[in-house]
Amino acid sequence: MPSSQPELSMVNPNAAGIDLGADYHWVSVPEGRDSECVRRFGCFTADLYAMAAWLKQCGIETVVMEATGVYWIAVFQILETQGFEVKLVNARQGKTVPGRKSDVLDCQWLRQLHSDGLLAGSFRPDDQICVLRSYIRQRDTLIKSASTHIQRMQKALTQMNVQLHRVISDISGTTGLTIIRAIVSGERDLHKLAALKDRRIHASTDEIAVALNGDYRPELVFVLHQELQLYDVFETQIAACDAEIEACLNQFADRIEVATNPLPAAKRRGKKQPGNAPSFDLRTHLYRISGVDFTQVDGFGVLTVLTLLSELGLDPSKFPSAKHFASCLGLCPGSRITGGKRKSSQTRQVANRVATALRMAAQTLVRSHSALGAFHRRMQARLGAPKAITATAHKLARIFYHLWTSGEAFVDPGMETYEQQDQERVVKNLKKKARALGFDLVAKPAAPECVS
């Protein structure tokens, strides 16, 4: 007797599957499209264009691939420029299927799952954003490398018992680098070195001179000199990278006209910009291309906003809702439920630059006199510091998504308003519990005033 159950319809009939590797790639197309439905291609660029030509010959429209390294990037970009719809899927989605461990069967299995519409592609922004993202990631790498040489300069100073870091806050600042350059140039007069301090340094000249009294061994001064030179090299490369970032931002279309809709006043008014911020007006560029001044959100600096937009892009339509957005970042509570009981609500472990930036922004709110700062402190009192950071990062993600999709300006209700709303919420819950137990919660009358 024939079954009345409908068969699974094919969603992507013109689909191909690619299993990527370091040396070669296996490609599978539907049967009947060629005499060989599975072919192997090399990793060279000419082989990738031959792969694209063969897929066009087979009538392929969409391609799915999986990889655990960076081998997919060149294949993805070449196929995308050739007009294919390309999807990169997480290897976890197909790894639990037993008996499919060879490369040939992997590419066939990927094609079959994609033909039935069972695979979701990983998020990848537009190509213009990918270009900006490459510059930003390179800049972060250069900053990390430069910080390594700052640490080595500090180590050399400590070995010479030069306690410069005791009297100034940052040896890589104006005063610190000026004094270090004078030391490697041969200057040993302590008062002449101390006189190089910037006028904003609180420590006196005599205090700095006492801190600079050390054992200037030639080999340690040589190490200090080399580390200073390497630091200058990376600073030069960072400046060159900033020039490329500014040129890249100038190519973005205007989302808002700055002349008719001027940029709101900065919340960091009168304060020094972070030491790693570019020299050009980055905040205006971010406002122009996004239409929203995200720096009005407490905890969001220009570098944080630059990281968010360079990783996410300017099109929020790829995330259907704020819940999808928070889940993609791994900031929402988990939902491990078995037998109707919640086993764990721990967040997923996700390696994501956006989530890291949001967590770092959340850490800066611990002393903020804002509604977000009050929320962070309340979560810290309830859950502890690590969970409070994740909870605050989750709230920042939802705020960012709302501004990202609506284009509205952020308005901080204030710490007092938040604390009042929290108190009203606590009182409401207490009244609800009292009614459930058969009691009425009555406010305590005010104490009478004493009349003298």
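Here are legends for a few close-up views of this predicted model.

**View 1. Strands E1 and E2 make a hairpin.**
Start with E1, residues 15-19, which pairs with E2 in the antiparallel sense. Three bridges link the two strands, and four residues sit between them in the hairpin. If you want a spot to look at, find Asp19: across from it, in E2, stands Trp26.

**View 2. Strand E2 also pairs with E3.**
Now turn to the pairing of E2 with E3, residues 38-42. This one is antiparallel too, and it runs over five bridges. Ser28 has Val38 of E3 as its bridge partner. E2 itself, residues 24-28, is mostly covered, with four of its five residues buried.

**View 3. The largest nonpolar core has 49 residues.**
Which residues touch the most other members here? They are Phe294, Phe300, Phe325, Leu358, Leu396 and Phe400. Helices H5, H9, H10, H11, H12, H13 and H15 each give two or more residues to this core. H15 (385-406) gives the most, with nine residues. As a general point, nonpolar side chains tend to be buried together in soluble globular proteins.

**View 4. Zooming in on Phe294 and its contacts.**
Set aside the neighbours within four places in sequence, and Phe294 is in contact with Phe300, Val305, Leu309, Phe400, Leu403 and Trp404.

**View 5. Another nonpolar core lies apart from the largest one.**
How many residues does this other core have? It has 28, and among them are Ile150, Leu164, Ile168 and Ile179.

Terms used: Residues are numbered from 1 along each chain as its sequence is written. This is a predicted model: local features need pLDDT of at least 70, side-chain atom pairs count only at pLDDT 80 or more; totals for chains, interfaces and linings use all residues. Side-chain values use heavy atoms; hydrogens and water are left out. Buried means under 20% relative accessible area, exposed over 50%, partly exposed in between (1.4 Å probe, protein chains only). Two strands pair if DSSP finds at least two bridges between them. A nonpolar core is a set of buried Ala, Val, Leu, Ile, Met, Phe, Trp, Tyr and Cys residues joined through side-chain atoms within 4.5 Å. Contact means heavy atoms within 4.5 Å.
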